[in-house]
Amino acid sequence: MERKHIPETENRLIILYALRALGPVTAMQLLQCMAESDLMNYITMQLSLGEMERQGQITQRAHPLGNLLELTDEGEYILRSFERRIPASRRRLIDERAAAWRERFATEQMAPAEAFALPDGRTAVHLRLLDKAATLLDLMLYLPAGKSFTLLPERWHSCVQATYSTVLAYLTADYDASLPMPEAKDTEAVRQCGMNDWLLTLTDDPQAPTIDLMMSLPDEHLARCSALEWPHAAQRIRQFVLEALENARPGR
């Protein structure tokens, strides 16, 4: 059914209202909210966003999933001043679905996943687990030509926590904090990246990798022991992730 004409001012207020209800989201996530509620189409939203950013009502900050849109103080002031100009039915549409959207969008932001073709015909699958301060887990799997996963982000969202726990378990299975600090055989494999963060940067084969891993750990001793365990664990980790993605049931 064709929507009636909505005044431009009302469209902008709806966007401000949605951003306050949802918190920081990408433009694509905001569009999903607008489209699923039949509140606004892509072109209208993009035109409004551009003007609202120029007027200082919204801002953007970088995120691996894409820039996140946020209300500014000016946007919050305008919304408080003119919120009642948004029809109650439209506010209710957003309010009723906001909690489910927030949960869904937070998962997407916390666990981005993408796949892309490589020049040699293989497919690279890039899987991440993020928090506000750091990248907890960053996996790159290299698949044979023709191999891919449909609905990759949804598959990853369903198994990301299990994958993180399993990777950590494989790398720390024989960890003993009472043992002496292992020597750093590869200074690039373990390095400090914050006051209490040590970054593992590992690959199974520098010449023809099938899996790369970056992981943030809170202790140098733990990080060095995990790096020593990597050659024995790499292929088991790769196999676990592939099976987890293959067996995932998106949407369930």
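Trainee: What share of the contacts in the protein chain with a separation of 6 or more comes from residues 24 or more positions apart?

Mentor: The idea is to see how far along the chain the contacting residues lie from each other. In this predicted model, residues 24 or more positions apart account for 61% of the contacts with a separation of 6 or more.

Trainee: What secondary structure does the protein chain have, and how much of the chain is buried?

Mentor: Begin with the elements, then turn to the burial of residues. The chain comes to seven helices and nine strands. Of its 252 residues, 43% are buried. Along the principal axes, the C-alpha atoms fill a box of roughly 65 × 45 × 30 Å.

Trainee: In what order do the six strands of the open sheet lie?

Mentor: A sheet is read from strand to strand across its pairings. Here the order is 4-5-6-9-8-7, and the pairing is antiparallel. Strand 4 and strand 7 (190-194) are the edge strands, as each pairs on one side only. From one strand to the next, the twist averages 15°.

Trainee: Which helices pack on that sheet?

Mentor: For each helix, look at the strands it touches and then at its direction. Helix 6 (residues 152-172) packs on the sheet and touches strand 4, strand 5, strand 6, strand 8 (197-203) and strand 9. The direction of helix 6 makes about 75° with that of strand 5. Helix 7 (residues 220-247) also packs on the sheet, touching strand 5, strand 6, strand 7, strand 8 and strand 9. Between the directions of helix 7 and strand 9 the angle is about 130°.

Trainee: How many bridges pair strand 4 with strand 5, and which residue stands opposite A113?

Mentor: Take the pair as a whole before picking out residues. Strand 4 (residues 113-117) and strand 5 (residues 123-130) are antiparallel and share five bridges. Opposite A113 stands L127 in strand 5. The hairpin of these two strands has five residues between them, and G121 takes a positive phi near 95° there.

Trainee: How does strand 6 pair with strand 5 and with strand 9?

Mentor: A strand inside a sheet is read on each side in turn. With strand 5, strand 6 pairs in the antiparallel sense over eight bridges, and T123 has L143 in strand 6 as its bridge partner. On strand 9 (residues 211-217), strand 6 (residues 135-143) pairs over five bridges, again antiparallel.

Trainee: Is strand 6 mostly covered or mostly uncovered?

Mentor: Count the buried residues against the length of the strand. Seven of the nine residues in strand 6 are buried, and the strand is mostly covered.

Trainee: What is the order of the strands in the open sheet of three?

Mentor: Read this sheet in the same way. The three strands have the order 1-3-2, with antiparallel pairing. Strand 1 (25-26) and strand 2 (58-61) are the edge strands, each pairing on one side only. Strand 2 is joined to strand 3 (residues 68-71) by four bridges, and these strands run antiparallel.

Trainee: At what angle do helix 1 and helix 4 pack?

Mentor: A helix pair is described by an angle, an axis distance and a crossing sense. Helix 1 (residues 8-22) and helix 4 (residues 73-82) pack at about 110°, and their axes are 10 Å apart. The angle makes helix 1 roughly perpendicular to helix 4. The crossing of helix 1 past helix 4 is left-handed. On the helix 1 side are L13, L16, Y17 and R20, which meet G75, E76, I78, L79, R80 and F82 in helix 4.

Trainee: Are C193 and C225 buried or exposed?

Mentor: Compare each relative accessible area with the cut-offs: under 20% is buried, over 50% is exposed, and in between is partly exposed. C193 has 45%, so C193 is partly exposed. C225 has 18%, so C225 is buried.

Definitions and conventions:
Residues are numbered from 1 along each chain as its sequence is written. This is a predicted model: local features need pLDDT of at least 70, side-chain atom pairs count only at pLDDT 80 or more; totals for chains, interfaces and linings use all residues. Side-chain values use heavy atoms; hydrogens and water are left out. Two strands pair if DSSP finds at least two bridges between them. Buried means under 20% relative accessible area, exposed over 50%, partly exposed in between (1.4 Å probe, protein chains only). Axes are lines fitted to C-alpha atoms, for helices over the stretch in contact, and angles run from 0 to 180 degrees between N-to-C directions. Contact means heavy atoms within 4.5 Å. Angles under 35 degrees count as roughly parallel, over 145 as roughly antiparallel, 65 to 115 as roughly perpendicular and the rest as oblique. A crossing is left-handed if the near helix is turned anticlockwise from the far one by less than a right angle, and right-handed if clockwise.
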